[in-house]
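Good morning, colleagues. Please look at the sequence and the structure on the screen while I guide you through some selected features.

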Amino acid sequence: MASRVPRGNLLKSLRYFSRPLNSAASSSAFSAPGVPPLNFAEKSETSAVAVADEFQTGSPGVFDVYNTEKLFSSIPTTRLLRASANLHVAAIEPVVDLGMWVMKSKLMETELVKNVVMETIRHTFYEHFCAGEDTAAAGKTILKLREAGLRGMLVYALEYAADNESCDRNLDGFLQTVESTKSLPPSSPEPLTPEEERDLQLGYERLLKLCQSCAEANVPLSVDAEHTSVQPIIDYLTYAAAVEYNKNNSPIVYGTIQAYLKDAKDRLLLAANAAEDKGIQMGFKVVRGAYMSSETRIASSLGYESPIHNTIQDTHDCYNDCASFMLENIANGSGALVLASHNVESGRLAAVKAHDLGIGKVNHRLEFAQLYGMSESLSFGLRNAGFQVSKYMPFGPIDMVMPYLLRRAEENRGLLSASSLDRQLMRTELKRRLKAAIVGA
């Protein structure tokens, strides 16, 4: 029988790609030779005003988020007003707490209350953060993004599935999404049971079927990261699929590295080097991570040290080191990278680094990404600098997407309250438009 972190025939060639989460390994060899790593060593947390002042004077030819007229030139005033209002409300933690309490309370069992709450959410936060309720609606939203010079990264926003019937139903949803794009830590676990082995094989076959569909449609597939308790098997299956489908110059399968994990740099280095040795063009999406509170809580309950970096500065440094390593690889013709971040400083540093390395701004191997409805100044700033930028766009029926949005709200409180730069820049642009309208009248 297979081990819970499988090492059988199915994935025997992948033992060099990964190792169990948080196992000991040296990161001293991680920095790209000849290219200083991106880091925040001399930076501290700054206010939105300080950040804006910095970008007013620093590297405007590469990346500029201070010129609000240019940043938001493609956004109508009515949409800018709604976006500003939504972000202001989302930054108020008591409002978020109240909303989550209502959604989880018995009040939602009353039809009238449920209808009022759902319609309110539909016309505020859902429309702000989601692309639509089906592929047709999501397609229209993507077309609007394209008109604004951005790209769409669709995610069928469903939560966990615990049985094969639900997994198959989710697979159908993912396959429909792909189809729509054609027109748009070490342990000694118990062995798997025979039934679990069959489920594992079925999961792998589902992934391969999805990869095949993506390959036929020439659509990249980004496999998201999850809790550390299940991440090892996700990595194994992702790399197994990459061996099959990342044989050309344009990777189909992208794995995800969570930079808030203490061993993120080592895991990226291990996987990227193994892929290069085997001639596989491995794509990586680098994120900071979205499970901080739950990871720390679970580790504490089991008597383990948290797998999360001890300080936010350590996470910043790790993220930028990972970005530096992958940018150097791309400059040397290896791998592909999606830098998913809402941190303006990380975006600026990566843009400048790419420019210094001579990586073309329209290089299909480098892409930036932010959540739909978030960090608009960063997205448009990178777009204006000539880089490829995608918005991560959840979609699906509102009643099915709500668990996803609730988890996002709970795990990303800091992100919602830290959108001060966007809010400030939107206010500045709205004031400029109002003044221009008054003068013009």
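This is a predicted model: local features need pLDDT of at least 70, side-chain atom pairs count only at pLDDT 80 or more; totals for chains, interfaces and linings use all residues.

Is glutamate 367 buried or exposed? With a relative accessibility of 9%, glutamate 367 counts as buried, where buried means under 20% relative accessible area, exposed means over 50%, and partly exposed lies in between, with a 1.4 Å probe and protein chains only.

Residues are numbered from 1 along each chain as its sequence is written, and side-chain values use heavy atoms, with hydrogens and water left out.

Let me turn to the chain as a whole. It contains 17 helices and seven strands; these are DSSP runs numbered from the N terminus, with helices being H or I of at least four residues and strands being E of at least two. Of its 441 residues, 51% are buried.

I return now to glutamate 367 and its partner. Its side chain meets that of arginine 151 in a salt bridge, at 3.1 Å from N to O; the term denotes a side-chain nitrogen of Lys or Arg within 4 Å of a carboxyl oxygen of Asp or Glu. Arginine 151 is partly exposed, at 37% relative accessibility. By this rule, the count is 15 salt bridges.

Another of these joins lysine 285 and aspartate 224, whose closest N and O atoms are 2.6 Å apart. This pair links distant parts of the chain, 61 residues apart: lysine 285 belongs to strand 4, residues 283–287, and aspartate 224 to the loop between strand 2 and helix 9. Lysine 285 is buried at 5%, whereas aspartate 224 is partly exposed at 27%.

In helix 17, residues 420–440, arginine 433 and glutamate 429 are separated by about one helical turn, because they are four residues apart. Their side chains form a salt bridge of 2.8 Å, N to O. Glutamate 429 is buried, with 0% relative accessibility. Salt bridges with shared partners join Glu69, Glu429, Arg432 and Arg433 into one network.

Next, the aromatic rings. Rings of Phe, Tyr and Trp (its six-membered ring) pair if their centres lie within 6.5 Å; planes under 30 degrees apart count as stacked, over 60 as edge-to-face, and the rest as tilted. The count by this rule is two aromatic pairs. Phenylalanine 72 and phenylalanine 380 form an edge-to-face pair, 6.4 Å centre to centre with 75° between the planes. The centres of phenylalanine 368 and phenylalanine 387 are 5.4 Å apart and their planes stand at 75°, so this pair is edge-to-face. Phenylalanine 368 lies in strand 6, and phenylalanine 387 in the loop between helix 14 and strand 7. Both phenylalanine 368 and phenylalanine 387 are buried.

Finally, I come to helix 8. How many residues does helix 8 have? It has 24, and spans 35 Å from first to last C-alpha, close to the expected 34 Å, the expected span being 1.5 Å times one less than the number of residues. Its buried residues include Leu200, Tyr204 and Arg206. Just after helix 8, asparagine 218 takes a positive phi of about 55°. Most residues other than glycine have a negative phi. Asparagine 218 is exposed, with a relative accessible area of 58%.
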